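Keep the structure open beside the text and look up each residue as it comes along.

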Amino acid sequence: MKNEKLPFFGVGKIIPFMKKYRMTVIAMILYGLGGSVIDVLQPLFQRYALNEFVGENSLRTLPLFLAIYVGVIAFTGVVNYISCALAMKVEVSINRDLRNAAFSRLQELSFSYFNRNSVGYIHARIMSDTSRIGSLVSWSLMDSVWHLSYLLGAVAVMLAVNARLALLVILIIPLIAILFSLFQGKLIRVNREVREINSKITSNFNEGITGAKTIKSLVIEEKMEKSFTKDTAEMKHKSVNAARLRGLFSATMNFASSLALAIVLWRGGYIAASEVGTFSMFMSYAQGMMEPVRWIIDSISDLITTRVNIERLSKLLETEPDVKDTPEVIEKYGDAFEPKKENWEPIKGEIEFCGVDFKYPDGEEYILENFDLKIPFGSNVAIVGETGAGKSTLVNLVCRFFEPTGGKVLIDGKDARERSQLWLHSSIGYVLQTPHLFSGTVRENLLYGNPDATETDIERALALVSAEDVIKKLEHGLDTDVGEGGDMLSTGEKQLLSFARAILGDPKILVLDEATASVDTITEQKIQSAIDTVIKGRTSIVIAHRLSTVKNADVILVVKDGKIIERGAHSELIKAKGHYYNLYTRQYEDEATNSLLG
């Protein structure tokens, strides 16, 4: 998205979010306009008071003057209160809607987006950028109404009273426009640089917290501190440069606006002797115009800064997922937020790869070429290989985390792209190598697998994966808080609970991504025993590093350098004495050696 395609500093991108609150925005503008009109009239009261009460030395109209003046002040307070309240309502409402829209878009985006963008970068888009935009369309909009209407009103009154003097005062406006055009491009560039380095700092700060244990165990506190200090030093350098440029802009513009007051003092002396009230009025307007001019200076700079926020948030909202359903599929099956479950066909769990070619979006080399594989319902398929061999590719395609570059992946004999992603995902149980629990209680985490599960369903799922002992040890049982990311529990306990969560949804397809790789021996035995039990009556895909756990698989796929080089049953692969044979015998020897050494 190019900057020049963002009209009105990109505010056009935010207008759809404002339409919902157009009546509130209109009311805010009208009240702000009313307050501005009253402020424009204030110097006229001053002019009348000086001319009448001082110049004419008459107090005949003083009581009426005081009554009107006090009434105007009271009315101004009410109008300002209402306009501020409306601005606050618009700000928080727009912030909420922008964040909801951004978060919803994140739920729709494919995994590749999260691989390309850090947590800190995404966090800054949803929190920092939306906050600045919300402030722009509320307070900045209301301020623009007040200041611009005051400026126009003051000019109109001065032209009506003394056109010659007024024209001299407003000569600064073209000067301001010229100065603005000279500074605009540079301010946009430096503010964009500041925002980008700020995102990097946020990302590093996030890693410093989430990776605290790793940092301490590796004793790299000094390295992390130096890296963070380097980023903050760059932030300081760029921010100082931006502040200097902005300061130069502000000083130049302030000098131009101060000319208005100088002109009044120079030319106003001729009318001061004859009409002190008019001279005082011009002084008040000249000084009063200083505030709108200063606001124009600051708001233009803020608007330029906020343009960068709008650019980045718009880029997120306009990012299309790599994997998405067609309009026809959405029409029939619904989407992730409004599913039409009444149209969902029952899933059996038969999987077939038909002439599949595949390479990752940013990759150049094909990982699969004209690949065929049929996985009948109830089959147990194992995918093995060394670390980093590319074992997750098939799983990513089965789960539609990525689309095939060519060919088809069939689910129950039908192209997976002809049905919704949610239809497929709701029938897949996925247990990751690194278990993740959400903040909340054990019960709340389990119910993510099946929100309608009963107490009996929960107990059955826990029993299937031998996780009853985990619950018994917890102080409040199922209602125990697991902490952020499940940090109150051990890795083995989290894995057993994540396994139970997957089973609770009664999935027809079960994916185990090295589910025992990060747990202790006892927990591994529990999980392996559970696997032998729960895969019955389901199609299961097991990614495994320890080959002894997949000997009974119906089909073993051997992956090396991202490609499937062997396939067959355990006995067939051993007889072939190929790569699988070498992996198995080497691992068997290592385990035997470890056993002898105790």
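Predicted model: local features only at pLDDT ≥ 70, side-chain atom pairs only at ≥ 80, totals over all residues.

**Aromatic rings**

Let's begin with the rings. The model has 10 aromatic pairs, counting rings whose centres lie within 6.5 Å. In one of them, F65 and Y69, the ring centres are 5.9 Å apart and the planes meet at 5 degrees, so this pair is stacked. Both residues belong to helix α3 (residues 62-108), where a spacing of 4 residues puts about one helical turn between F65 and Y69. F65 is buried, at a relative accessible area of 14%, while Y69, at 29%, is partly exposed.

What kind of pair do F353 and F371 make? Their planes stand at 70 degrees, with 5.5 Å between the centres, so the pair is edge-to-face. F353 sits in strand β1 (residues 351-358) and F371 in strand β2 (residues 368-375), so the pair links parts of the chain that are 18 residues apart in sequence. Both F353 and F371 are buried.

The two pairs can be set side by side:

| Pair | Centre distance | Plane angle | Type |
|---|---|---|---|
| F65 and Y69 | 5.9 Å | 5 degrees | stacked |
| F353 and F371 | 5.5 Å | 70 degrees | edge-to-face |

Rings can also gather in a group: F358, Y360 and F402 form one aromatic cluster.

**Two packed helices**

Next, please turn to helix α19 (residues 491-504) and helix α20 (residues 521-534), which pack with their axes 10 Å apart and at an angle of about 10 degrees. Angles under 35 degrees count as roughly parallel, and that makes α19 roughly parallel to α20. On the α19 side, the contact is made by G492, Q495, L496, F499 and I503. Helix α20 contributes T523, K526, I527, A530, I531 and V534. Of the residues in this contact, 7 are nonpolar, 3 polar and 1 charged.

**The sheet**

Now for the strands. Six of them form an open sheet with mixed pairing, in the order β6-β7-β8-β3-β9-β10. Which strands stand at the edges? They are β6 (428-431) and β10 (563-568); each has a single partner strand, so one side of each is left without a neighbour in the sheet. On average, neighbouring strands here are turned by 15 degrees against each other, direction ignored.

At one end of that order, strand β9 (residues 555-560) and β10 run antiparallel and are joined by 5 bridges. Helix α19 comes back into view here: α19 lies across β6 and β7 (509-513), and runs at about 175 degrees to β6.

L512 is found in strand β7. Is L512 buried or exposed? With a relative accessibility of 1%, L512 counts as buried. Beyond its neighbours within four places in sequence, L512 is in contact with V431, F499, I531, I541, V542 and I543. Of these, F499 of α19 and I531 of α20 also take part in the helix contact described above. The C-alpha atom of L512 is separated by 8.2 Å from that of A544, a residue 32 places away along the chain.

D415 is found in strand β5 (residues 414-415). At 9% relative accessibility, D415 counts as buried, since the cut-off is under 20%. Leaving out residues up to four places away in sequence, D415 touches K408, V409 and L410.

Methods. Residues numbered from 1 in each chain as written. Heavy atoms only, no water. Phe/Tyr/Trp six-rings, centres within 6.5 Å; stacked < 30°, edge-to-face > 60°. Buried < 20%, exposed > 50% of the residue type's maximum accessible area, 1.4 Å probe, protein only. Axes fitted to C-alpha atoms, helices over the stretch in contact; angles between N-to-C directions. Parallel < 35°, antiparallel > 145°, perpendicular 65-115°, else oblique. Contact = heavy atoms within 4.5 Å. Nonpolar A, V, L, I, M, F, W, Y, C, P; charged D, E, K, R; others polar. Pairing = 2+ DSSP bridges.
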